[in-house]
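Student: Please take a close look at one part of this model, the strand pairing, and then go on to whatever else in the backbone and the chain contacts deserves a note.

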Amino acid sequence: MNAATASSGQRHLTRSRKSRERELVTPEGLALPLTLASRGSRVGALVMDLVFLYFGTGLVLLAIVMTGINLFSKEDASSAVEALEVVLILLMFLSHYGYFLFFELGPRGATPGKRLLGIRVAARDGQRLTAEAVLARNLLRDIELFLPVQFLLYMAFAGVSSNGVMGWAAFVWLMIFLLFPVFNKDRMRAGDVISGTWVVEAPRVKLAQAMSTAPDRSRDYRFGDAELKVYGEHELQVLESVLRQDNPEAMREVMFAICRKIGWEAGGGYEREFLEAFYNALRGHLESGMRFGKRKADKFS
Amino acid sequence: MALNLFTRKTIEPIPAIEAASLRSDRFRLEREGDWRRLDEIVTALEKGRARRIADADLMELPVLYRKTASSLSVARETSLDAATLAYLEALVRRAWFQVYGPRVGLAGWARRFFGGGWSAAVRDLWLDICVALFVMVAGTVVGWLLVAQDDNWYYALVGGMDGGRGPSASREQLLETLEPVANAQGLAAFAAYLFSNNAGVCILAFAMGFAFGVPTLLLLVQNMALLGAMLYVFDQQGLLWPLSAWLSVHGTTELFAIMLSGAAGLHIGRAMVFPGQRTVLANAAAAGRRSAQVMAGCVVMLVIAGLLEGFVRQLVGTPETRATIGGVMLVFWLAYFILMPRRRDADEGIAR
């Protein structure tokens, strides 16, 4: 209702969301809106995944080393120690290359970190996500992540100057890969470019209550055409969210705003009843207009 | 609110359709049962519990998906209930990911991969393989020539870790490095180490292809110059044949894999520089998926190379046997890549 008073921060938020909206056309010809995952959530997911990965690997490593020490104390157990060594080497390889691959090949197309933040991998062209695509996007992680991070750690310890110009050149080169998602509008990293994928939001939404099942109050509150013409779809949806949040203070404020606008005398005590009645009347009004092909986006149109 | 804690888990009954005063809400209540059913099936699929879903439900999944998708398109034109629209959009999206999700499991994928998908992908990369092979041969020659000019190049190329195979080593010392070991102690760990090291290098060579393929070429030249330098040193003592046989046991497989990974890297680099008729992004994606198959194969080859290098080379003695094993492996790979026919459904994964 009072969209004009929305803070600039909120406006900025909606704009950044707008720029992330994409459309995917299903084989049924239905346009499904997709929202690309924000860079923040992708970094967050990555950090979580790395924590899981290194924590898990660390635990298994510890177990292997403990077993190895135990075996060493016994005599003539060198073949068992060697088997442990093999397991150790293969584990390091698999954790490095297999973790992301394994989870993204699953039915949810997401690593645990991604799943926690409600994002997943999807094919950019609307086709199915293939094993080859997941493979390709994860093979590039080496130069995008592991190599730059190793290099940065090395530089932090050894100092940049020890490498001179070559060190800086390598630094810039590696940063290009690390910062690749910042420089394209689809927020793709190099692996996404190669595999034809992107990362999208995949939230699980719960179905909220139907609004008009509340007791019918169209007899207590009668709204005329002139009163319903004031608002459009945007205001209706703001009203819906106010009703769903069920905050007495906000409902009171909104009721006063509406009454001022339509020239009614506002009385306290029955905010929810009034707003529900107004919501149903306004929605009925706007939806009947829709059926005749007339839509009203907001109060200004 | 306290009561809510306990009631939240129970499924709320759908209100009677007549209870709704708005037409669009009645539309919703009529279909809500189907939506909830689809929601349950999709949730189970996402959790990897496909087996627990009743057969009847699974059979009806496509129907429910289509019904819900059509509900969404009707609701978009008739309903202004933002919460319902958001729910439907999320549900249809999730169902879409499951209905059009990958259908083959690991076993099915492996059958398709070894049964023609891999060899077809390798054949698709023929031009890049030619380039990679040329660069590798050139790198070997360069290494040879450099060390032939000045022994110091050997140390610059190989570094300190030459395992006693430097230009200053005598003939006997060089021969000794090619000797088999007496027993198999420690060879398994050695093989595992070789595999993980080589696979890491191969994946790096592939990944660097993203920078238009240039670093991939440099990596190939550098690695092969090392080989050329070593060949020169052994040739000076007249040991070229024993060394070649010693290397060929695993080398034919390992160098083949390195060549393929280099070619795969070049392929994506080339796809981005010369996209042809398609957009850069579309071409890069197609090339990436094709090369990813080749790379998966490279890892398989390197497992075999690691075993050959770790066990067979260390246990088999004479140059003739070693060269025969290496030769057989080379012929096997060539035959497999050239002769294995493309499966009719093998392209599904990378088709547009």
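**The strand pair and beyond**

Tutor: In this predicted model, strand β1 (residues 21–25) of chain A runs antiparallel to strand β2 (residues 31–35) of chain A, and the two pair over five bridges. One of the paired residues is Arg22(A), whose bridge partner in β2(A) is Leu34(A). Together β1(A) and β2(A) make a hairpin, with five residues between them. Within that turn, Gly29(A) has a positive phi of about 85°.

Arg187(A) is not a glycine, yet its phi is positive, near 55°. Arg187(A) sits in the loop between α7 (164–178) and α8 (190–195) of chain A. Arg187(A) counts as buried because it has 20 C-beta neighbours inside 10 Å, and the cut-off for buried is 20 or more.

In chain B, Phe212(B) also is not a glycine and has a positive phi, about 60°. Phe212(B) is found in the loop between α9 and α10 (214–236) of chain B. Phe212(B) has 16 C-beta neighbours inside 10 Å and therefore counts as partly exposed.

As for the chain contacts, 66 residues of chain B are in contact with 59 residues of chain A. On the chain B side, the elements giving two or more residues are α2 (23–46), α3 (55–78), α4 (82–99), α9 (187–207) and α12 (280–315). The largest share of that side, twelve residues, is from α4(B). By class, the side of chain B that touches chain A has 40 nonpolar, 15 polar and eleven charged residues.

Note on methods: Residues numbered from 1 in each chain as written. Chains lettered and ligands numbered in written order. Predicted model: local features only at pLDDT ≥ 70, side-chain atom pairs only at ≥ 80, totals over all residues. Contact = placed C-beta atoms within 7 Å. Helix = DSSP H or I, 4+ residues; strand = E, 2+ residues; numbered from the N terminus. Nonpolar A, V, L, I, M, F, W, Y, C, P; charged D, E, K, R; others polar. Pairing = 2+ DSSP bridges. Buried ≥ 20, exposed ≤ 12 C-beta atoms within 10 Å, placed from the backbone.
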